[in-house]
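Please work through the strands, helices and side-chain contacts of this model. Questions and answers follow.

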Amino acid sequence: MSATLPRRTPIPFARSERSTVGLEWELALVDADSGDLRQVAQTVLDAVQPASGGAHPSIKQELLLNTVEVVSGVCRTVGEAGRDLQRSIEELRAVTDPLRVELMSAGTHPFARWAQQKVTDKQRYTTLIDRTQWWGRQMLIYGVHVHVGIEDRAKVLPIQRAMLTTFAHLQSLSASSPFWGGKDTGYASNRALMFQQLPTAGLPFQFATWEELEGYVADMLHTGVIDAFDEIRWDLRPAPQFGTLETRICDGVTNVAELLALAALTHCLVEHYSTMLDEGRELPSIPPWFAQENKWRSARYGMDAIIILDREGNEELVTDAVGRLLVELEPVAARLGCLDELDGVRTIVRRGASYQRQRAVARRNGGELDAVVRSLVAEMRAGRPL
């Protein structure tokens with residue numbers, strides 16, 4: 001009797017220059033007068049379509065008709081990537097301003113109703129909603145994705161595992177979704193826990209080898225869970241077609257200054273762990289049960305989260321852990337040309353994360369969440385926290 005060989009789907013990893021960086025920023029389209037969401041994404045996309053035809057290279061379609069995504073090119077620094085995004089935003093505003101539509105980003109819209117939102121007319125989105133039903137329809141959420149180039153496939157999974165030790169840092173700093181459907185959820189990042197309800201979303205499995213990842217993908221394809229690799233929607237995943245590690249941890253960021261700060265932190269972490277591998281040093285890791293608890297704690301408590309630091313179960317206030325980490329990463333930031341952007345993380349720690357600012361605005365305005373939307377729109381226009 002012959003043994004059955006395990007299934008494997010070969011996953012080639014594209015060649016990518018080390019520590020190049022690319023950013024993806026999901027933006028809500030909101031009515032300039034009411035602050036509610038507007039279903040005008042297709043109108044906007046049609047208006048920015050190149051004269052030569054085809055899709056815009058930097059302004060993309062998303063799941064819902066209230067959303068567009070701006071993406072940078074492959075850049076050497078986060079500053080360069082930020083300038084790419086700013087050019088796309090200026091192009092968008094030339095279309096949205098006459099429509100009396102504002103651009104806004106946060107993990108969630110404070111008061112919009114998910115049942116009133118329309119899904120983009122595209123087969124992959126139709127399939128997603130058909131399968132996920134109630135949970136899929138509720139994905140009224142916005143995020144930021146950071147791609148960092150990795151030059152050697154053998155480094156990808158070790159760095160992905162190491163990044164789980166700083167998952168809570170990024171989620172706490174970016175948390176911007178305290179409200180849902182007009183109510184305060186009590187969470188700093190309601191988006192984080194909503195998104196993981198989708199099949200294949202949430203924390204990644206901690207595979208030891210690329211072959212184990214290929215076996216997992218083969219099983220998912222064989223059983224019809226996915227039709228393509230990009231339907232694996234982990235918070236942190238390899239992006240083989242680009243040759244990058246893609247970090248999808250952060251809530252939608254409300255302004256470009258904080259976006260670049262969080263991107264610089266991500267960029268530096270990947271480069272730091274890559275350098276440790278080059279030097280033959282052991283990368284930090286954390287058991288899956290601690291990683292899961294850290295995700296919940298940072299989603300619930302944000303900047304007040306006491307996080308688990310290591311395999312031994314040592315704990316620390318997340319803001320103290322961030323402070324130590326920034327000192328460790330300063331030489332890396334100097335090498336990557338993002339010292340100023342990385343220093344922006346200290347500003348977030350000092351002034352508070354978006355979820356804290358949103359709650360403060362709500363308190364000052366008697367709980368009126370349209371005031372929160374106005375503050376988010378103002379931050380987006382100003383390019384910095386207000």
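Q: Which side chain makes a polar contact of 2.8 Å with the side chain of His147?
A: This is a predicted model, in which local features need pLDDT of at least 70, side-chain atom pairs count only at pLDDT 80 or more, and totals for chains, interfaces and linings use all residues. Residues are numbered from 1 along each chain as its sequence is written, and side-chain values use heavy atoms, with hydrogens and water left out. A polar contact is a pair of N or O atoms within 3.5 Å; within protein, one must be able to donate a hydrogen and the other to accept it, and residues adjacent in sequence count only if both atoms are side-chain atoms. At 2.8 Å, the partner of the His147 side chain is the side chain of Thr244.

Q: At what distance does the side chain of His147 make a polar contact with the side chain of Glu24?
A: His147 lies in strand S5, residues 144–149. Helices (H or I, at least four residues) and strands (E, at least two) are DSSP runs, numbered from the N terminus. The residues that His147 touches, not counting those up to four places away in sequence, include Glu24, Phe242 and Leu245; contact means heavy atoms within 4.5 Å. The polar contact between the side chains of His147 and Glu24 is at 3.1 Å.

Q: Is His147 buried or exposed?
A: Buried means under 20% relative accessible area, exposed over 50%, and partly exposed in between (1.4 Å probe, protein chains only). The relative accessibility of His147 is 7%, so His147 counts as buried.

Q: Which side chain makes a polar contact of 2.8 Å with the side chain of Glu246?
A: Glu246 sits in strand S11, residues 244–247. With a relative accessible area of 3%, Glu246 is buried. Its side chain makes a polar contact with the side chain of His145 at 3.4 Å. At 2.8 Å, the partner of Glu246 is the side chain of Arg237.

Q: How many bridges pair S1 with S5?
A: Two strands pair if DSSP finds at least two bridges between them. S1 and S5 pair in the antiparallel sense. In this pairing, Trp25 stands opposite Val144 in S5. The number of bridges between S1 and S5 is 5.

Q: How many of the residues of S1 are buried?
A: Val21, Leu23, Trp25, Leu27, Leu29 and Asp31 point one way from S1, and Gly22, Glu24, Glu26, Ala28 and Val30 point the other way. In a regular strand the side chains alternate between the two faces of the sheet. S1 is largely enclosed by the rest of the structure, because its buried residues number 11 of the 11.

Q: Which residues of S4 point the other way from Val101 and Leu103?
A: S4 spans residues 101–104, and all of them are buried. Val101 and Leu103 point one way. Pointing the other way are Glu102 and Met104.

Q: Where is Arg100 found?
A: Arg100 is not a glycine, although its phi is positive at about 55 degrees. At 45% relative accessibility, Arg100 counts as partly exposed. Arg100 is found in the loop between helix H2 (78–96) and S4.

Q: What is the relative accessible area of Ser19?
A: Ser19 is in the segment before S1. Its phi is near 55 degrees, a positive value in a residue other than glycine. Ser19 is buried, with a relative accessible area of 7%.

Q: How many of the residues of helix H5 are buried?
A: H5 runs over residues 167–174 and is mostly covered. Its buried residues include Phe167, His169 and Leu173. The count of buried residues in H5 is 8 of 8.
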